[in-house]
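Q: I would like to learn how to read charge pairs and helix packing in a model. Where do we start?

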Amino acid sequence: AGLPLDAHTAFMKAQACLRDHPFFAELRPIREIVEHNSSVVAASTPMDPMPFSPDTSLYQTVFEEVKRTIGGVECVYPRMFPLRPDSNPVFVKKFRVLSGFCESHHLSISGDEDLEKARKKDFMAQIDFTLLGFSAYHSESPIPVLFNLLLWWFDDKYIDTLSAQTEIHETETKQLDTILQLKNDMKAVFDLQETQKIFETDADIIKIAKQVHQMLIGFCKSQRVDDNTYNAFVRATFETFDSQIQQAERKVKESVHEKILSPEKYETERLKFSGVRPSLMLGFLLDGGAVDNIRDDDYINELWGLVNWLVSIDNCGDSSEKEINIEKDPENHVFILYKAILDKKGIFYDTIDAYFDNIQKHPEEIKSAFKKNQEKINQTLLKIRELLSCKPSGKSDDFEKAVKAAVCWVNALPWSKKTMRYYFNPLSQQHERQLIG
């Protein structure tokens, strides 16, 4: 009764509810913002800002605990999430395209040599990839599913296979040469105006690149996407690949302490190799946006930068078990923060492995690092909400499309918490399995 509320009344009611939430006392950044804004709002004149369209609104936020076991130490922290969008027939359509492509070209995402195990693992992985391509994009096009598979394939099957050795080995040098050649081969594909046939002898990643290119060229021609927008997307994609190659070179060529970046340096580098910016550009392109109308927009650049950082460090939390426990990847944000905490306490090791192998000796430090990572995610989400609270006047439709691309990625934040890839929870795919039939 009494709805809709104006912004002033809604804030006061939301504040009262939030204070009663069991996580409120633990979430210091939220508590500080609420307590500061309580006095401001109470003294202000009720006023609603100019809103964005419904498509550019963040979903209702929920609180959930995120748990990871890192180096044998259980780390837990409460997080804010938008509600995950429910899968629907569009999800099924996108899934069919991905599964059909993988079957036609004999691609195994899992790479398991046991064919029966590979079939089961690939099915679950295809659901995971489709969920991202469904949740993070407004468009019904299946292109995002294949594109995000391409980004993952390059990073997981090439970049992540390079170990952070103390000294360079011939094997790593050959791997770097292979990675560089594959990147150049993919660039040659995307530079063409005409599509290329996929051959059985193509490397798997080239098959995926050709498929993405085919679908994208067809879309751009049918929707009359301008060349500058397509080229901006391709440029963002290969800037990501180049940054990932630089990341791989740091793993195998730098000294121990040069391999482990400072938190400040890491933030700069993470935004380059995350893959989020080309994904935002793809969402914008598929919605009919023209890049020339947003290229120099400070608001969009800030929003996309915040979303990039949000998704990136959220992924670091999700991946912390795999990247720290198994891969010993020094470019995970949780590990970066852990190393910085040890530095402040005067604790140093001579090898990369020693920093990973001795985590159990420093349980409070790894817990603190995990907590800081999760706090930064909450803080960044709040900054994005604040930025989206008012719409700047005099902006074009393309501005709104760029905002929509960003909001889709924020609303997709919880998708990974329900996946096999990160949390090994097959029950979370029950709804999607029923839709697929």
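A: Asp-297 has a relative accessibility of 12%, so this residue counts as buried. Keep in mind that the model is predicted.

Q: Which residue does the side chain of Asp-297 meet in a salt bridge?

A: The general idea comes first. Side chains of opposite charge can pair when their charged atoms come close. Here the partner is Lys-395, with 2.8 Å from N to O. This pair links distant parts of the chain, 98 residues apart. Asp-297 sits in the loop between helix 11 (276–286) and helix 12 (298–326). Lys-395 sits in the loop between helix 15 (363–387) and helix 16 (397–411).

Q: Is Lys-395 buried or partly exposed?

A: Lys-395 is partly exposed, because its relative accessibility is 34%.

Q: What does the side chain of Lys-328 meet?

A: Asp-357, in a salt bridge of 2.9 Å, N to O. Asp-357 belongs to helix 14 (residues 352–357), and Lys-328 to the loop between helix 12 and helix 13 (333–344). The pair therefore ties together parts that are 29 residues apart in sequence. Lys-328 counts as partly exposed, at 23% relative accessibility.

Q: Which residues do salt bridges with shared partners join into one network?

A: Arg-250, Lys-265, Glu-269, Lys-272 and Glu-331.

Q: Where do Asp-204 and Lys-207 lie?

A: Both are in helix 7 (residues 204–223). They are three residues apart, about one turn of the helix. Asp-204 is partly exposed, with a relative accessible area of 27%. Lys-207 is buried, at 3%.

Q: How many salt bridges does a search of the whole structure find?

A: The search finds 27.

Q: Now the helices. At what angle do the axes of helix 4 and helix 5 cross?

A: Again, the general idea first. Two packed helices are described by the angle between their axes and the distance between the axes. In this model, helix 4 (residues 115–135) and helix 5 (residues 143–157) have axes that cross at roughly 120 degrees. Those axes come within 8 Å. The two helices are therefore oblique to each other. The crossing is right-handed.

Q: Which residues meet where helix 4 contacts helix 5?

A: Helix 4 brings Phe-129, Thr-130, Leu-132 and Gly-133. Helix 5 brings Pro-144, Val-145, Asn-148, Leu-149 and Trp-152. Of the residues in this contact, six are nonpolar, three are polar and none is charged.

Methods: Residues are numbered from 1 along each chain as its sequence is written. This is a predicted model: local features need pLDDT of at least 70, side-chain atom pairs count only at pLDDT 80 or more; totals for chains, interfaces and linings use all residues. Side-chain values use heavy atoms; hydrogens and water are left out. Axes are lines fitted to C-alpha atoms, for helices over the stretch in contact, and angles run from 0 to 180 degrees between N-to-C directions. Helices (H or I, at least four residues) and strands (E, at least two) are DSSP runs, numbered from the N terminus. Angles under 35 degrees count as roughly parallel, over 145 as roughly antiparallel, 65 to 115 as roughly perpendicular and the rest as oblique. A crossing is left-handed if the near helix is turned anticlockwise from the far one by less than a right angle, and right-handed if clockwise. Contact means heavy atoms within 4.5 Å. Ala, Val, Leu, Ile, Met, Phe, Trp, Tyr, Cys and Pro count as nonpolar, Asp, Glu, Lys and Arg as charged, and the others, Gly among them, as polar. A salt bridge is a side-chain nitrogen of Lys or Arg within 4 Å of a carboxyl oxygen of Asp or Glu. Buried means under 20% relative accessible area, exposed over 50%, partly exposed in between (1.4 Å probe, protein chains only).
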